[in-house]
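Look over the model first, then read the points below.

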Amino acid sequence: MLSRFFKKKQDTVTEEKTTVLETEDYTDVSPIARYIKEQTGINFDRQLGILRSKMTSFCKIRYIRSFQTCLTKVHEDSSFKQELINYLTTNETYFYREVSQIEDFVKCIKSENKKVSVLCAPCSSGEEPYSLVIALLEAGISAEKFNITAIDISTDALEMAKKALYKERNVKNIDNNIRSKYFDFKENTYALKDFVKGQVMFKQVNIFDKEFLELGRFDYIFSRNMLIYFDKETKQKARGILESMLKDKEKKIYFGHADLY
Ligand SMILES: C[S@@+](CC[C@H](N)C(=O)[O-])C[C@H]1O[C@@H](n2cnc3c(N)ncnc32)[C@H](O)[C@@H]1O
């Protein structure tokens, strides 16, 4: 009888929960730097101070109390990992960047007597592949003569690329005639016309993932201003991957001026 009484009592006792608040710790950012380098190639070794301050804001805004907790979350949650990658990539770009390379490319395509495939890796928010389309069309090259695949690791940048809505600073290198042919201007925004947008196929991919190689081989590759964020060893690895994706070793990969140093 007594034991029944005690059993009943036990069942009704609710466990008292205590929440222990994790101590805030935004000191050692190097595990995050290592993780980002491993995953994307981007090297923060010489910018640990900048990374630390960026990561502190990233964590605080999301109520994450330490870099260690942030890393745990990154391992557990792939959309959180993507959010972090989006946050740490530099997506700066604009139309008609390094014009001499675009002119050289147009000359090469003119001399081709077959349809050419072009890879733009990375494309960020789309200005580079769209510049190639505009330059080719302006040179009188028919849209049937080329196709362009453009990739980037950042889903935010690709979303902007697909929307193709640009501000004055993005189109500053394009003269007014070309602007009016290829963009609709409304409410301070340059909206790229659909026939240009339709010429580029965008895909989210990391150049170090096998899905990148699965894109196949290309006649021409643009890979500008990505290798600058990698260390020497990673640059070489990336270069090797890109070179393996050229159909013909005689064809060109256009790198940015600072990429190979
Ligand atoms: C500065 S933008 C260059 C855009 C354009 N090519 C240009 O030169 O204007 C660098 C881009 O590289 C992308 N990126 C960095 N690491 C990458 C990786 N491992 N795979 C694919 N894209 C990457 C970033 O997301 C960013 O959009």
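A polar side-chain atom of N206 lies 3.0 Å from a nitrogen atom of the ligand; a polar contact here is a pair of N or O atoms within 3.5 Å. Taken alone, the ligand exposes 610 Å², and the protein buries 99% of that (Shrake-Rupley accessible areas, 1.4 Å probe). The model is predicted: local features need pLDDT of at least 70, side-chain atom pairs count only at pLDDT 80 or more, and totals for chains, interfaces and linings use all residues. Residues are numbered from 1 along each chain as its sequence is written, and side-chain values use heavy atoms, with hydrogens and water left out.

**Ligand contacts**
- A polar side-chain atom of R97 is 2.7 Å from an oxygen atom of the ligand.
- T40 uses a polar backbone atom, 2.9 Å from a nitrogen atom of the ligand.
- The ligand is surrounded by 23 residues, the closest being T93, R97, D152, R224 and N225 (a heavy atom within 4 Å).
- This shell has 9 nonpolar, 9 polar and 5 charged residues (Ala, Val, Leu, Ile, Met, Phe, Trp, Tyr, Cys and Pro are nonpolar; Asp, Glu, Lys and Arg charged; the others, Gly among them, polar).

**Pocket**
- The ligand sits in the largest pocket (more than half of its atoms lie within 2 Å of the pocket's grid points).
- A pocket is an open set of points on a 1 Å grid over the protein atoms alone, where a 1.4 Å probe fits, with protein on both sides within 12 Å along at least five of seven lines.
- The volume of the largest pocket is about 380 Å³, as the space filled by probe spheres set on the points, joined across faces, edges and corners.
- Its lining has 25 residues, with T90, P122, D152, N225 and M226 nearest the centre (an atom within 4 Å of a point).
- The lining divides into 12 nonpolar, 8 polar and 5 charged residues.

**Backbone**
- The A121 to P122 peptide bond is cis, with omega near 15 degrees.
- P122 is in the loop between β1 (116-120) and α7 (127-138) (DSSP runs numbered from the N terminus: helices H or I, at least four residues; strands E, at least two).
- Y63 is not a glycine, yet has a positive phi of about 55 degrees.

Key
A polar contact is a pair of N or O atoms within 3.5 Å; within protein, one must be able to donate a hydrogen and the other to accept it, and residues adjacent in sequence count only if both atoms are side-chain atoms.
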